[in-house]
Amino acid sequence: DYQKGELTYADTLQGWAHKPLAARFAQRYRVPVQVENDVKVVTLGESLLGAGRGVRNMVCVWIGEGVGSGIIADGQLVRGGAGNAGEIGYLEVGYALSDPKRMQHLYRGQRFLGDLLSECNLQAGLARALGLQPEQLAAERESFLSVLHDGDHGNVAVRECLDEYAYPLAALCMAVIKMLNPTLVVLCGDVVEHSKYLVAKVRKTLVDEMANFPFRPSSVIVGQLRQEAGIKGAIALALLHIFEPPVVSSRNHRHLHMAEFTS
């Protein structure tokens with residue numbers, strides 16, 4: 001809620017909803033404060049300082065606890081009427097999965113694509129493909145990333161699972177491409193940053209499925225900022241608030257609510 005400076009809902013921040021976050025921080029640190037969605041600041045970071053520099057129309061797809069996206073249209077970050085623009089993880093699985101049997105490792109009756117494509121579901125699917133217990137990959141971050149790299153080096157079981165994962169991820173890319181016609185789709189998150197094989201498979205799927213659609217699959221790329229994307233995007237958001245309004249009339253920042261501190 002941009003006007004109140006509060007979190008409305010987030011699976012990963014239980015107990016934080018409807019607290020006066022911006023006002024509390026403004027009072028404590030004596031600076032103006034605004035709240036923003038994590039994927040949107042990642043998108044802003046990649047747009048201004050990363051893979052999307054110089055691109056006025058792009059979509060950033062982020063994979064982590066779930067799946068979300070941020071939209072840059074005509075150089076502006078799109079928030080939507082209630083701040084929910086880009087919540088592609090809530091598209092239903094049936095949209096991209098006509099035959100669940102093709103996903104023996106990953107599909108376990110999930111309703112939303114965000115659940116199907118979540119990092120933890122991929123960890124569990126890879127564990128099943130390798131004959132491991134799901135918690136073995138979930139507990140050790142380096143083990144999970146190492147398994148992703150094994151796919152790059154030809155591990156058949158890992159590639160089989162990543163092939164399953166690539167199709168619904170490509171379907172999400174196709175959805176945003178057809179709806180928004182971006183110049184660039186930037187994929188972010190450890191899953192795509194540590195699996196060249198997966199990214200190549202997504203691009204190949206786009207070639208196969210979008211042969212008659214005017215979009216180059218090579219325009220789907222991996223983000224450049226990695227772990228620094230969110231913090232750099234947040235810094236950029238603050239700098240835009242300070243420096244942009246006197247220079248241009250911005251639909252993006254000029255009317256965004258800030259919690260002000262009082263003496």
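**Exercise 1. Work out in which order the 5 strands of the open sheet lie, and which stand at the edges.**

Solution. Start with the strands, which are DSSP runs of E with at least two residues, numbered from the N terminus. Two strands count as paired if DSSP finds at least two bridges between them. The order is then E3-E2-E1-E4-E5, an open sheet with mixed pairing. E3 and E5 (220-222) stand at the edges with a single partner strand each, so one side of each has no neighbour in the sheet.

A word on the model: it is predicted, with local features needing pLDDT of at least 70 and side-chain atom pairs pLDDT 80 or more, while totals for chains, interfaces and linings use all residues. Residues are numbered from 1 along each chain as its sequence is written, and side-chain values use heavy atoms, without hydrogens and water.

**Exercise 2. Trace the pairing of E2 with E1 and with E3.**

Solution. First take E1 (residues 58-63): 6 bridges join this strand to E2, antiparallel. Trp 62 has Gly 68 in E2 as its bridge partner, and a hairpin of 3 residues links E1 to E2. Next, E2 pairs with E3 (residues 76-78) over 3 bridges, also antiparallel. Here Ile 71 stands opposite Val 78 in E3. In the turn of this second hairpin, Asp 74 has a positive phi of about 55°.

**Exercise 3. Explain why E2 is largely enclosed by the rest of the structure.**

Solution. Count the buried residues, meaning those under 20% relative accessible area (1.4 Å probe, protein chains only). In E2 (residues 67-73), 6 of the 7 residues are buried, so the strand is largely enclosed.

How values were computed: Buried means under 20% relative accessible area, exposed over 50%, partly exposed in between (1.4 Å probe, protein chains only). Helices (H or I, at least four residues) and strands (E, at least two) are DSSP runs, numbered from the N terminus.
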